[in-house]
Amino acid sequence: MGKGVFIVFEGIEGAGKTTQAKNLYEYLNSIGKKSILTREPGGTKTGKKIREILLSDTDEMFPPKAELFLYEADRNFHIHNVIKPNLEKGINVICDRYIYSTLAYQGYARGLDINLIKTLNDIATDGVFPDVVFLIDIPVEVSLQRLGNKKDRIEKESIDFHKRLRKGFLKIAEENKELFYIIDGTKKEEEIFEEIIYIVKTKILKD
Ligand code: TMP
């Protein structure tokens, strides 16, 4: 059996990537391409506990490096329990966020060293990289508007944080042109989905 295809969705808060990842997951299974839908953080039993720690409010200072290590620990659980075993069985993996979120959030937005993050990403993933990344891009103003008032620990960050985040994602996409497709997330949900399906069918799943 051949190796499954690994598809990642990235974007700032409220970009619509979770909806598009789910749409793609349902579509691929409906045409007989066996696929799973998963996410980071929280794609495993232990990962769900790590996600809870990462996104809940706390009255303790949350050190940026501890935050980074927790995302990478979640990722290592995910790689060994979900991503690798499924790809090896020939099942496609659709993942809502991956290593590029760590570069954008903990690196470009939070300010941790980019090379340190790249090294930890390599260790945590065991060298498993996606076949394609869809960056659903929206302006920060749209992101904050879509978020409304109910925000988790990270969503509560400043406007400047969210601006650095968007810039960071666009820079990462620019540096990895062969892997990334930037999709305009302000378009209608159906239009975005058509675009994604077209790319997946013509460039990713060739058979
Ligand atoms: P979600 O809202 O897409 O489920 O993601 C959870 C939050 O975690 C979101 O605010 C982005 C953030 N995040 C990071 O800061 N670093 C990471 O490496 C990942 C995967 C997510």
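What volume does the second largest pocket have? The second largest pocket has a volume of about 210 Å³, where a pocket is, on a 1 Å grid over the protein atoms alone, an open set of points where a 1.4 Å probe fits, with protein on both sides within 12 Å along at least five of seven lines, and a volume is the space filled by probe spheres set on the points. This is a predicted model, in which local features need pLDDT of at least 70 and side-chain atom pairs count only at pLDDT 80 or more, while totals for chains, interfaces and linings use all residues. Residues are numbered from 1 along each chain as its sequence is written, and side-chain values use heavy atoms, with hydrogens and water left out.

**The ligand and its shell**
- The ligand sits in the largest pocket, in the sense that more than half of its atoms lie within 2 Å of the pocket's grid points.
- Around the ligand there are 14 residues, of which Glu13, Tyr71, Arg97, Thr102 and Gln106 are the closest; a residue is counted here if one of its heavy atoms lies within 4 Å of the ligand.
- By residue type, this shell divides into five nonpolar, three polar and six charged residues, with Asp, Glu, Lys and Arg counted as charged, Ala, Val, Leu, Ile, Met, Phe, Trp, Tyr, Cys and Pro as nonpolar, and the others as polar.
- H4 provides the largest share of the shell, four residues, and helices H2 (45-55), H3 (64-88) and H4 (99-109) each supply at least two; helices are DSSP runs (H or I) of at least four residues, numbered from the N terminus.

- A polar contact is a pair of N or O atoms within 3.5 Å, and a polar side-chain atom of Arg97 lies 2.6 Å from an oxygen atom of the ligand.
- An N or O atom in the side chain of Lys17 is 2.9 Å from a ligand oxygen atom, whereas a polar side-chain atom of Gln106 lies 2.8 Å from a nitrogen atom of the ligand.

**The largest pocket**
- The largest pocket has a volume of about 520 Å³, and of the 26 residues that line it, having an atom within 4 Å of a point, those closest to its centre are Glu13, Lys17, Arg51, Arg97 and Glu155.
- Its lining divides into nine nonpolar, six polar and eleven charged residues.

**The second largest pocket**
- Of the 13 residues that line the second largest pocket, Ile99, Tyr100, Leu103, Phe129 and Asn176 lie nearest its centre.
- H4 gives the most to this lining, with four residues, and the lining divides into eight nonpolar, two polar and three charged residues.

How values were computed: A polar contact is a pair of N or O atoms within 3.5 Å; within protein, one must be able to donate a hydrogen and the other to accept it, and residues adjacent in sequence count only if both atoms are side-chain atoms.
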